[in-house]
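Subject: Structure handover

Hello,

Here is the structure we spoke about, passed on with my notes. Please look at it first and then read the findings below.

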Amino acid sequence: MRSGPQKWLILVLLLISSQQAWAVPCQGPEARYDSIKMSVFDNPSRAMIDARSALEMSKKDDVRIQVLCHLQLVLAGYLSDENLKEQQTQIGIAMQLGFSSAYDQEATIMEAVQLDLQQNRGGDFSERVQKLDIRSRNMPLPVRTLILYLILDLVEDPQLKATLDAEIENLLGPTKAVGEFERILLQEFQAFHVDRNRDPQKKITLREAFLPQLRNLKLDYWEAFVLYNHARTFEYLGTEAGYVSSARFYAEAELKFQKQAKDSLYASILLGKASILHRKGQKAEAIRLVKQAESWFVLHKNLIWQGEVWKRLAGFYLEDKRYQEALDAAEKSAGFYAQDHETDLNQLDELKAQAEFGLGHAAKAAELMEKYINDFERIDMKQRDLYVKEQGARYGLTLEEERNRIRQLKQETAKKQAAMDSDAKKSRDQGLLVRTFAALLTLVGAVWLVWILRRSLVLGQTIRSLNSHMENHVLERFLPQSLVHEVAAGRLHLDERPNTRLVTILAADIVSFTNGTESLGSERIAVILNRFMVSMADVIFEYNGTIDKFVGDGVLAIFGAPVDMDAETQALQASRCSQAMIKALDSLNQELLPGHTWKLRLRIGMHQGVA
């Protein structure tokens with residue numbers, strides 16, 4: 001169905017009189033989800049302007065325009081992180097119209113976006129999310145794909161999340177007829193939700209696989225979004241090559257905004273570029289870019305990212321030893337975060353503690369650091385509990401499949417067993433088989449006796465080898481070399497009955513190890529941690545300490561056991577050892593972290609008492 005010439009003439013006159021040139025996908029009678037989707041992911045800022053213009057010029061009772069243009073508006077706002085609070089009432093009306101007409105698919109997408117906007121204000125939406133999931137399952141695949149993408153961040157129930165994850169895996173299978181855009185949407189969701197601390201390389205590999213297809217789609221904004229995420233992941237690697245790649249992808253993402261209105265994504269790209277420049281020593285330019293990014297976040301009323309701006313500045317000022325400015329920036333940043341942003345507020349407590357320490361306020365710094373550590377452990381425990389529940393849910397899905405497979409195997413085994421029982425019954429009636437079996441048993445017994453004799457010789461060699469391994473590879477990790485020889489010679493025993501004695505305990509762990517892991521990446525931090533532990537062990541052994549255990553990024557050493565020392569000697573050796581450990585960090589930092597902002601630093605505690 002096409003509009004007549006007269007209608008088009010009126011439309012052209014309206015355009016000329018209002019001096020607005022707009023082409024609104026949501027106006028065309030053929031335009032539904034597909035054209036709206038492409039309009040939004042190509043240029044959401046323009047799509048929002050077009051949708052608002054169309055809503056102003058349309059009749060209030062035009063259901064089609066209200067539903068489709070509001071869909072375009074909320075999708076564009078969601079993608080560009082635009083504040084749509086002023087549209088909440090109109091969106092609700094459009095959803096009601098959509099559900100009561102033939103536009104229930106569009107209304108369902110709007111509801112998913114609305115839920116995401118409302119979740120930021122708190123509340124339990126789990127029941128609505130589950131209904132949304134069920135309602136969208138029978139919708140066309142492109143719509144279902146977008147619904148999956150939208151609601152997965154809303155899902156808290158581990159079982160439902162595992163079910164949706166499994167559906168994504170199924171949709172991405174080679175035999176599924178998923179459109180190219182939908183496939184890339186789901187692949188980006190997969191890459192985005194890989195833990196960048198544990199496996200940044202997997203994120204990179206996933207994105208590298210679909211970037212060529214993404215570029216072919218020529219959706220500028222969506223490409224800029226993915227390139228920005230790609231750049232951040234390379235930055236997380238913490239390597240020189242990673243920083244070079246990160247700078248390249250930030251620049252490529254920024255180029256996409258030559259024909260785009262500047263928005264929150266553009267400001268985020270500026271923040272990323274600022275981090276790279278500050279690391280290169282271009283500090284003034286980096287801070288200028290951060291302030292420029294802030295202006296866009298303020299314009300778009302994006303409070304969370306305004307908090308991120310000031311948190312980033314606090315980090316920059318700390319690196320430059322501008323402690324008062326760092327403290328002020330951290331305090332300002334905290335004002336933008338609600339209490340449910342626990343991780344951000346926890347990171348700010350650490351930044352404040354470092355700034356207070358730099359200003360010489362040791363007591364305040366200690367108080368903040370204690371709060372940071374306690375909160376970090378609580379948040380980390382909560383995240384681990386959630387991870388365990390999610391993994392359990394995923395296991396539960398595969399467990400049912402395994403149960404079905406085992407049932408099938410049992411049935412097949414029962415049939416085979418019945419056939420074997422029948423054969424065995426016949427065999428028992430044959431005396432020849434019995435005599436043959438007896439002969440075989442005698443032969444096996446002889447072979448077994450020979451094997452036992454040879455095994456005893458091998459076992460003797462194995463025991464000697466284990467003793468050697470125990471001496472050279474196990475004991476030397478925990479005891480000084482002189483004590484290793486004493487144990488090996490039998491003059492010192494480690495398996496005696498427990499006894500009480502006076503000892504001095506030294507506990508040491510790395511300061512801000514989590515931040516180091518985030519900035520350097522798991523592979524590099526593992527190398528640094530191994531080198532650190534070897535170096536610390538050498539120092540502890542030099543002062544006749546015994547390593548009780550390694551705990552994550554920390555080490556626990558004992559002075560006064562297993563070899564006795566008097567109380568004064570213990571304290572003296574432990575004190576000298578702690579000073580030597582701190583001194584050893586200088587050479588480690590020069591060797592392992594040249595030019596890096598994060599450095600190895602130690603917290604050390606000592607205590608003497610009866611144990």
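Over how many bridges do β2 and strand β3 pair, and in which sense? Before the answer, a caution: this is a predicted model. Strand β3 covers residues 554–559, and its pairing with β2 is antiparallel, over five bridges. Within that pairing, Ile-547 has Ala-557 of β3 as its bridge partner.

The two strands belong to an open sheet of four, ordered β2-β3-β1-β4, with antiparallel pairing. At the edges are β2 (546–551) and β4 (602–610), each of which pairs on one side only. From one strand to the next, the twist averages 15 degrees. Helix α23, residues 522–542, lies across β1 (502–510), β2, β3 and β4. Relative to β2, helix α23 runs at about 160 degrees.

Next, a helix pair. Helix α10 (residues 180–192) and helix α11 (residues 200–217) have axes that come within 9 Å of each other and cross at roughly 155 degrees. Angles over 145 degrees count as roughly antiparallel, so α10 is roughly antiparallel to α11. The crossing of α10 past α11 is left-handed. On the α10 side, the contact is made by Glu-180, Phe-181, Ile-184, Gln-187, Glu-188, Gln-190, Ala-191 and Phe-192. On the α11 side, the residues are Lys-203, Leu-206, Arg-207, Phe-210, Gln-213, Leu-214 and Leu-217. Sorted by class, the contact between α10 and α11 has eight nonpolar, three polar and four charged residues.

Two notes on burial follow.

Helix α8 (residues 141–151) is mostly covered, with nine of its eleven residues buried. The buried residues of α8 are Val-143, Arg-144, Thr-145, Leu-146, Ile-147, Leu-148, Tyr-149, Leu-150 and Ile-151. The list includes Arg-144, and arginine is classed as charged.

Is Leu-68 buried or exposed? Leu-68 sits in helix α4, residues 63–79. Its relative accessibility is 0%, and buried means under 20%, so Leu-68 counts as buried. The C-alpha atom of Leu-68 is separated by 7.9 Å from that of Ile-36, although the two residues are 32 apart along the chain.

Regards

Notes
Residues numbered from 1 in each chain as written. Predicted model: local features only at pLDDT ≥ 70, side-chain atom pairs only at ≥ 80, totals over all residues. Heavy atoms only, no water. Axes fitted to C-alpha atoms, helices over the stretch in contact; angles between N-to-C directions. Parallel < 35°, antiparallel > 145°, perpendicular 65-115°, else oblique. Left-handed = near helix turned anticlockwise from the far one by under 90°. Contact = heavy atoms within 4.5 Å. Buried < 20%, exposed > 50% of the residue type's maximum accessible area, 1.4 Å probe, protein only. Pairing = 2+ DSSP bridges.
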